[in-house]
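Here is a chain to look over together.

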Amino acid sequence: MRRLGCALATLLFLAAPLARADSLQDLLEIQEAVREARDRVLPSLVRIQPISEIYVGGRKVKRTGYGSGVIFSHEGHVLTNYHVAGRAKNLICVLNDKEEIPAKLIAGDPWTDLAVIQLELDEYKGHSLNWAVLGDSDRVQVGDFVIALGSPFSLTRTLTFG
């Protein structure tokens, strides 16, 4: 009985800050901020299908993978990972409107695992291209909340917050 009383007191002590009305309001405001960021960035995400050629047993074989990136300019520049696009023979990008268009590698750095690819917009049949505005990385500190959007493991669109 004594243990149950201690556990209940501990639970009430830990839950007390969450029970305050302003704490609930703070959580709702954070949730709304995450939703607003999602709605601003999600239309600029692309799903990337890199097609590589590798040799297996002396034979050339095409290998397909999946990755993601974000359009960051009206010219169709996409920021992605080098391990996604760096060694690809061909790059196919699926845009927010589900249109597939080719892209080419512009620059890449295997040490930082970053790459920039260029969408071939002359083949784009959509109405308008969406792009995200990149933030100032100098303002980010260890422990800050971040949102990760993308297409990991060939999923179409995901969001992680933490």
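Helices (H or I, at least four residues) and strands (E, at least two) are DSSP runs, numbered from the N terminus. This is a predicted model, where local features need pLDDT of at least 70, side-chain atom pairs count only at pLDDT 80 or more, and totals for chains, interfaces and linings use all residues. Residues are numbered from 1 along each chain as its sequence is written, and side-chain values use heavy atoms, with hydrogens and water left out.

Q: What makes up the chain, going by those runs?
A: Three helices and nine strands. From the N terminus on, they go α-α-β-β-β-β-α-β-β-β-β-β.

Q: Where does Phe-145 lie?
A: In the loop between strand S7 (114-119) and strand S8 (147-150).

Q: Why is Phe-145 called exposed?
A: Exposed means over 50% relative accessible area, buried means under 20%, and partly exposed is in between (1.4 Å probe, protein chains only). Phe-145 has a relative accessible area of 60%, so it counts as exposed.

Q: What makes the nonpolar surface patch, and which residues are in it?
A: Patches take residues with over 30% relative accessible area and no salt bridge; like charges are joined within 9 Å, and nonpolar side chains (Val, Leu, Ile, Met, Phe, Trp, Tyr) within 5 Å. A salt bridge is a side-chain nitrogen of Lys or Arg within 4 Å of a carboxyl oxygen of Asp or Glu. Here the patch is Leu-24, Leu-27, Leu-28, Ile-30, Phe-145, Ile-147, Leu-159 and Phe-161, at about 710 Å². Areas like that come from the Shrake-Rupley method with a 1.4 Å probe; for residues, only the protein chains shown count as cover. Helix H2 (21-41) gives the largest share, four residues.

Q: What is the largest nonpolar core, and which residues have the most contacts inside it?
A: A nonpolar core is a set of buried Ala, Val, Leu, Ile, Met, Phe, Trp, Tyr and Cys residues joined through side-chain atoms within 4.5 Å. The largest one has 16 residues, and Ile-48, Leu-95, Ile-117 and Leu-119 have the most contacts inside it. S7 brings the largest share of this core, three residues.

Q: Which residues is Ile-117 in contact with, beyond its neighbours within four places in sequence?
A: Contact means heavy atoms within 4.5 Å. Among the partners of Ile-117 are Ile-48, Val-78, Leu-91 and Ala-103.

Q: How do you know that S4 and S7 pair?
A: Two strands pair if DSSP finds at least two bridges between them. S4 and S7 have four bridges, in the antiparallel sense, so they qualify.

Q: What about strand S3 (residues 67-71) and S4: how many bridges join them?
A: Two, and these strands run antiparallel. Ile-71 stands opposite Val-78. In strand S4 (residues 77-80), Val-78 and Thr-80 form the covered face, while His-77 and Leu-79 form the uncovered one.

Q: What makes Lys-98 stand out?
A: Lys-98 has a positive phi of about 70 degrees although it is not a glycine. Most residues other than glycine have a negative phi. Lys-98 lies in the loop between S5 and S6.

Q: Why is Asp-113 called partly exposed?
A: Its relative accessibility is 23%, which falls in the in-between range, so Asp-113 counts as partly exposed. Asp-113 lies in the loop between S6 and S7, and has a positive phi of about 60 degrees.
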